[in-house]
Amino acid sequence: MIFIIIWQDDDLKKIKKRDPHLFDKVYTEYKNKIFTFLVIKTNGDKDIAEEVLCETFHSAIISAPNIKDLNSIGSWLVKIASRRLNDHFRKKYREKKYAEKVGVNEVVNDDLADELHKKEEILLVKTAMNGLKEKYRKILKLKYIEQKTQKEIAGILNLSDAVVNSLLQRARESLRNEFKKIVKDF
Amino acid sequence: MKKKDWLEWFDKLDEKDLTNILSSKDDEYESPLNVDNKIRQIIKEKRITLIERVKNRLGSFLSGNFLIAYPLSAAAMLIVILSAFFLIRILNKYQARCIVASVTGNVYSLDKKDKKISIGINNNIKENYTVFSEKESSVMLKINNKDDINIGENTKVKLTRLFKNIKKEETCLYLFAGESNFKIHKLNEKSYFKVETDTIQMDVIGTDFTVFVDKDNVSNVLVNDGKISVLIKFEKIKLNEFLKDHKNLRDKINNLLDERIILNTGESLQVSFDDLKESDLKITSLINEIKNEISANIFNKEKETKKLSIIRDIKNSLIIKDKDRKDNDQSDITETASFIINKLKIKPDIKLTEKYNSISSYNNNIYISSDNNKAIYCLSGTNGNIIWQLKDNSIDKITSSLMFINNNIILATPSKIITINKSGRIINSIDIMMGPILWADSIKIGDSLYIPGAKNIYKFDGVDLTKIDIPESMGQLFISYYKNNIFCTYPQERAIKVFDLEKNKIIWESDKLTERSYMTPLVYKDYIIIGDIKNNIYRYNYKSSNTNPDIIKINKGIISDIININSIIYFVANDGYFYSLNIEAFNSPKKILKIDKNPVIDKYLTKNLFLYKDYIFFSSDTGRIFYYNIKDKKADLINIKQNKDNNPFIGTPVLIKDSIFFIDIKSNIYKLEIKK
């Protein structure tokens, strides 16, 4: 399921000013995504995920004036979560309490690792997709979620085959760029 | 996974994987209720304190515990870090820098102690360093991260001033020899950018100009875009001696000589050392006259005005004379009874061939799309200098001439329609299938281009691309336009079809031609005239129901496009001869003159006859320029004395203002003007 918040014109200004109502909306929309991401990254440790989820949204509120594009808010939150998680591990490592117990290299059983990896892949690609421009998201949705043929897409969007082909290529390239932005700090 | 693994993983995803991932159901963990409440409380209270903001900026370095345990140390450290941060920023921002952005061949710098050092990318060129390049070498310098200086081969430049602070930037260069191109951004009032040679000094007002000092020490300056002000370096010492007791007069003359010349886009100026000496002599003798008249007490206000006007004339005559002389220098002119042909001074040094290189012109510039170089070149129509060149991985095959729309350049390749801006940057690229493959010319109707491909015709308005609803062809289409109809040659199908743009359908279709034709159909009144590659010329009446043509046979097939002037058509056949034929009479064509030694059809994809005023021109492979005068029916090949090796000309000539430009395979550019 692709989740999209419909933004109003002045929402960016409001978010930058940390409007509680809008932040609540963002939190409601993204909390499970970010929590899932954190659970995956901690190899299933929900306690750490909970703690870092709080820190993530706390940081998001502090950094709100830096938001540039509301469409990429999902990618932005994933990046914050990733950084806060790294901070968390470093902090614990310094305290030498969790050094052996937690961390990205912790050994978990293969089945769980596979499942987490798969979840992470899906989550990241979908988050990247949410950061795309509306026209690219729309055409990728038609192609990969609704699984329409190129000809059907051309009919729906009232475009020629060549334009659809070109749009699809650009949308995939854009998806790759958005994905690259998200995984940059990993 | 590391970053690289993630991207590799993503790149390996095929269509099926993407479908699986994007259509998979969200299998998420529910965030716990206690966390929900906590976070909602944070959001509600907007709990942002100054410390938290700072903490956020500095990331994990200052943990919460650290701050609480050691608040004073943290504050002190914070001040130190912030001060250092701002200090470094200020130092970086307000320090002048000249960095080597790219180097080709052997380029060296001489430091203050004349120590010779080889230059590499990212080297820092300091004030008073001299940069010099050897043959076939060049270097690009970037000043203050914004201004570009392209130094050509065999050039010597000294960076005499390099300064920048909060309020102003000061840059001066001295060009001893060779050629440099400068692209300078606008400066504030307190800043300046100067380029000096032995004879002139230039101040930048605008952005893009080229300076060239030749082996005879003649300084040439050409403005590609914007404005520059030029000061000619007159001798003033003697003047000051002569008129030491007449300060007012001396100042007036000095001001006159200091008056700057403003050069605008496309304008150029040349000043030699000899010219300066000659002018100085004239001015000195005039000053002597003034001195004598003052001694004899006959120098008055009226005479002063006259003498000053003579000095102004001397100065102006120098400029005008230099402009005139520029043409003479560019070449020993080739002059016939009807034409003047000059060779442009700067040779772009591009290797070209007669095949697969096409020339176009737009806004006083000449454009070459070259498949053998896989590049697009923009050359100045004033002096032949390369303004920019574009080579890009996305341009892997060039198979069409350039078109121009909305001040942008459009290149159609077999797989893409690429939009290039006037600075030579790709701003858009649309993937297509079966684009042009045989250099068929696009046509412009209204604000849209109609681009004939190898299967369809594409309509492109600069943003949107659509296909015209014509029957698909099995190969390259060739098209022309007349009265709301597009006339299409289908070479493989050996047919002509007429597409009505209003009715959006084919309204007429010819019978099969005897042989294939690779030319655009010529339309005259109700006739369509076309020739095939063997030996037939066809005349169809597309307004009648009869689809059979009148056919006449000539000894050879037509390989050029056809030009029609007052019902007489002109073309080149594959025997290399230039022919004429009356359309109405449609009897045997008249053989006029052999104009091409090696008339192969590939060359004629980019080479055609060119009509201007009463003349038809052709870029002949004999190294001569062919012309045909429509009025007196005189045809000839002009010997170009500057083209000593008889290098073949490429492409179809192009027109800029009232001049016609021809280019040979060694990229020498010849400008032909018709005498009035």
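How many of the 18 residues of H3(A) are buried? The count is 13 of the 18, so helix H3(A) is largely enclosed by the rest of the structure, where buried means under 20% relative accessible area, exposed over 50% and partly exposed in between, with a 1.4 Å probe and protein chains only.

## Basis of the description

This is a predicted model, in which local features need pLDDT of at least 70 and side-chain atom pairs count only at pLDDT 80 or more, while totals for chains, interfaces and linings use all residues. Residues are numbered from 1 along each chain as its sequence is written, chains are lettered from A and ligands numbered from 1 in the order in which they are written, and side-chain values use heavy atoms, with hydrogens and water left out.

## Chain A and its helix H3

Chain A has 8 helices and 0 strands, the elements being DSSP runs numbered from the N terminus (helices H or I, at least four residues; strands E, at least two). Of its 186 residues, 54% are buried, and its accessible surface comes to about 9,100 Å², with 47% belonging to carbon and sulfur atoms; such areas come from the Shrake-Rupley method with a 1.4 Å probe, and for residues only the protein chains shown count as cover. Among contacts (heavy atoms within 4.5 Å) between residues at least 6 apart in sequence, 67% join residues at least 24 apart in chain A.

Helix H3 of chain A covers residues 46-63, and its end C-alpha atoms are 25 Å apart, which agrees with the 26 Å that its 18 residues should span at 1.5 Å a residue; the expected span is 1.5 Å times one less than the number of residues. At the start of H3(A), a side-chain oxygen of Asp45(A) comes within 3.1 Å of the backbone nitrogen of Asp47(A).

## Chain B overall

Chain B has 10 helices and 48 strands, and 51% of its 676 residues count as buried. Its accessible surface is about 33,100 Å², of which carbon and sulfur atoms hold 49%. Of the contacts in chain B with a separation of 6 or more, 49% come from residues 24 or more positions apart.

Ser442(B) lies in the loop between strand E25 (426-431) and strand E26 (443-445) of chain B. This serine is buried, with a relative accessible area of 14%, and, leaving aside residues up to four places away in sequence, Ser442(B) touches Met403(B), Tyr450(B), Ile451(B) and Pro452(B).

## Aromatic pairs and charges over rings

Over all chains, the structure holds 31 aromatic pairs; rings of Phe, Tyr and Trp (its six-membered ring) pair if their centres lie within 6.5 Å, and planes under 30 degrees apart count as stacked, over 60 as edge-to-face and the rest as tilted. Phe339(B) and Tyr627(B) form an edge-to-face pair, at 4.8 Å centre to centre and 70 degrees between the planes. This pair links strand E17 (residues 339-343) with strand E44 (residues 625-629) of chain B, its two residues being 288 residues apart, and both Phe339(B) and Tyr627(B) are buried. Phe578(B) and Phe626(B) form a tilted pair, 4.8 Å centre to centre with 55 degrees between the planes, which joins strand E40 (residues 577-582) to strand E44 of chain B across 48 residues. Phe578(B) is buried at a relative accessible area of 0%, and Phe626(B) counts as buried at 0% relative accessibility.

Ring pairs also link Phe339(B), Tyr615(B), Phe617(B), Tyr627(B), Phe649(B), Phe662(B) and Tyr670(B) into a cluster. The charged end of Lys156(B) sits over the ring of Phe176(B), 5.1 Å from its centre, and Lys497(B) lies over the face of Tyr490(B), 4.3 Å from the ring centre; a charge sits over a ring if NZ of Lys or CZ of Arg is within 6 Å of the ring centre and within 35 degrees of the ring normal.

How values were computed: A polar contact is a pair of N or O atoms within 3.5 Å; within protein, one must be able to donate a hydrogen and the other to accept it, and residues adjacent in sequence count only if both atoms are side-chain atoms.
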